Amino acid sequence: MNCLKYIFSIVFITVLAGLAGVAQTQLTMKNVSVINEQGDVRLSWEYNGTEDLVIFRDSVAISSLSPIDTIYNPAITSYTDKSARANSNPRLYKIQSATTPNATYTKIISTYHLTFAYDSCAATIQLHWTDLEHDNLPSGQWHPAQFILHQYEDGILKQTTISNSNNSFTVNNIKENTPYRFSMGVRWDESPDSTGFSNPVSTYTRMSQSPDYIRAIYAKVEGNSTQLKFKIAPNSELTTYKLLKSSSPKGIYDTLKTITTSEFEVISTHENSSPNNQITYYRLVAINNCGKISTLSDKINNIQLTLVNEENVNSLSWNFFKEQSLPDTRYDVYRSKDNQEPQLLRSFSNHNTYKDQIDTYSQEMVYGLFCYFIRATEEGSNEYSQSNIVCSYLEPNLTIPEAITPNGDGKNDEFKIQPDLSFFPGDYQLIIYDRWLTPIFQSNDPGEAWNGKFPNGKAVPTGAYIYYLKIKMPDHQIIEKRGNITVFYP
């Protein structure tokens with residue numbers, strides 16, 4: 001009897017020991033991560049048993065999990081699934097001991113599949129991530145506690161924590177032509193000290209390269225129009241530009257014209273710009289693929305030259321090129337006499353006025369026409385901007401007789417203005433009055449003289465008469481002279 005009790009005790013203790021050993025066997029999933037852009041998945045776990053372990057993954061129909069491999073060495077605690085293709089969709093995993101029917105197994109865990117959409121015009125990247133849910137197995141499934149976005153912008157890491165209730169996120173202020181890489185980290189309720197990762201996604205925010213600069217080169221006045229030239233940085237991949245204009249350097253700029261070109265030099269003309277009467281400011285801007293301005297040129301303006309004639313002194317003044325008065329811009333004053341080739345008069349820096357004394361040239365000129373323009377050249381440049389042309393006539397040195405003797409002897413018989421004014425294309429008027437201010441002679445012909453007679457052909461009596469002379473010069477300058485004429489008969 002005692003022997004049977006002893007044997008029963010040994011058996012009972014052995015069974016309890018075996019049961020105790022079963023109860024202490026633990027198999028816990030620690031992490032599931034997509035490790036590369038090919039979608040390979042690495043699993044890691046903790047296991048203190050001795051049995052073989054079977055790796056399960058969702059089937060094609062995702063109606064159940066199927067075994068994909070067996071781990072025969074209990075000391076191995078990680079596995080890489082190189083056929084997962086988790087870059088295309090999320091995958092479900094479970095690890096189970098080989099013993100059946102009382103197998104030890106982990107909860108089901110899903111990888112996360114990350115996708116993105118780049119909006120170049122909004123400068124955003126929209127991220128979206130999904131997992132797989134499987135509620136048909138009694139083991140249950142892991143749940144995310146928190147998401148952490150890992151963003152690499154041009155190689156620099158930035159991390160953003162995102163609530164577990166979200167499955168999308170918008171990254172703003174995306175730079176053009178910059179490499180980006182994203183992966184979504186996940187921390188689970190079941191393993192808060194471990195972070196798994198989604199598949200990584202990479203993109204290069206490709207847009208046609210905007211020019212590093214656009215430089216305004218010149219503004220040349222040609223008649224009633226202004227020709228403009230700009231140089232575009234050779235790195236530009238854009239082909240659409242807009243020429244803008246404004247009546248004020250700080251005012252609102254309107255589109256003058258749209259220019260399509262792949263060249264790095266733009267020459268365009270603002271027709272009917274009225275450069276004699278106003279200053280216009282211009283900018284050339286590059287338009288990117290989204291229709292937005294990406295690069296602006298510096299401001300450029302026409303040089304408006306004005307002239308005031310006072311007592312045969314032509315006073316010139318002009319506005320600065322690019323509205324600057326910097327010493328690195330040279331202003332050259334050119335003058336042409338009687339339509340001859342223009343000659344350089346003076347050169348200035350940081351100066352915009354000049355006075356030209358012109359009466360000293362009266363003896364050597366036929367028409368007395370003086371025309372001026374300004375050229376502005378920036379330091380280091382071989383191109384120049386040019387102003388409008390302004391002209392003025394030298395007031396004629398008129399010889400007006402003080403008396404005539406119309407006795408028919410051929411000497412001093414007529415009242416005639418010297419020199420001959422027939423070259424003036426402007427208006428001419430000569431009126432002779434008697435002492436009662438009654439007109440007795442009128443002419444609009446500079447070559448016609450008064451012969452000392454009344455309109456009826458009779459000779460005027462000896463005495464004093466009054467003349468009035470009015471000449472309108474081609475530059476619209478009015479010359480008026482009044483005086484007395486003595487008529488006598490020797």
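Strand β1 (residues 27-34) is largely enclosed by the rest of the structure, because six of its eight residues are buried; buried here means under 20% relative accessible area with a 1.4 Å probe, counting protein chains only. Strands, of at least two residues (E), and helices, of at least four (H or I), are DSSP runs numbered from the N terminus. The model is a predicted one, in which local features need pLDDT of at least 70 and side-chain atom pairs count only at pLDDT 80 or more, while totals for chains, interfaces and linings use all residues. Residues are numbered from 1 along each chain as its sequence is written, and side-chain values use heavy atoms, with hydrogens and water left out.

The partner of β1 is strand β2 (residues 41-47), joined to β1 in the antiparallel sense over seven bridges; two strands count as paired if DSSP finds at least two bridges between them. Within this pair, Thr28 faces Glu46 of β2. Six residues separate the two strands of the hairpin, and Gly39 in the turn has a positive phi of about 90°.

Over nine bridges, β10 runs antiparallel to strand β13 (residues 179-188), and Gln151 sits opposite Phe182 in β13. Seven bridges, again in the antiparallel sense, link β10 to strand β11 (residues 156-162), where Leu157 is the bridge partner of Tyr152. The hairpin of β10 and β11 has two residues between the strands, and Asp154 takes a positive phi near 55° there.

Beyond its neighbours within four places in sequence, Trp45 is in contact (heavy atoms within 4.5 Å) with residues including Leu27, Met29, Leu53, Ile55 and Ile95.

For the protein chain as a whole, one helix accompanies 36 strands. Of its 490 residues, 43% count as buried. Among contacts with a separation of 6 or more, 58% join residues 24 or more positions apart.

Technical notes:
Buried < 20%, exposed > 50% of the residue type's maximum accessible area, 1.4 Å probe, protein only.
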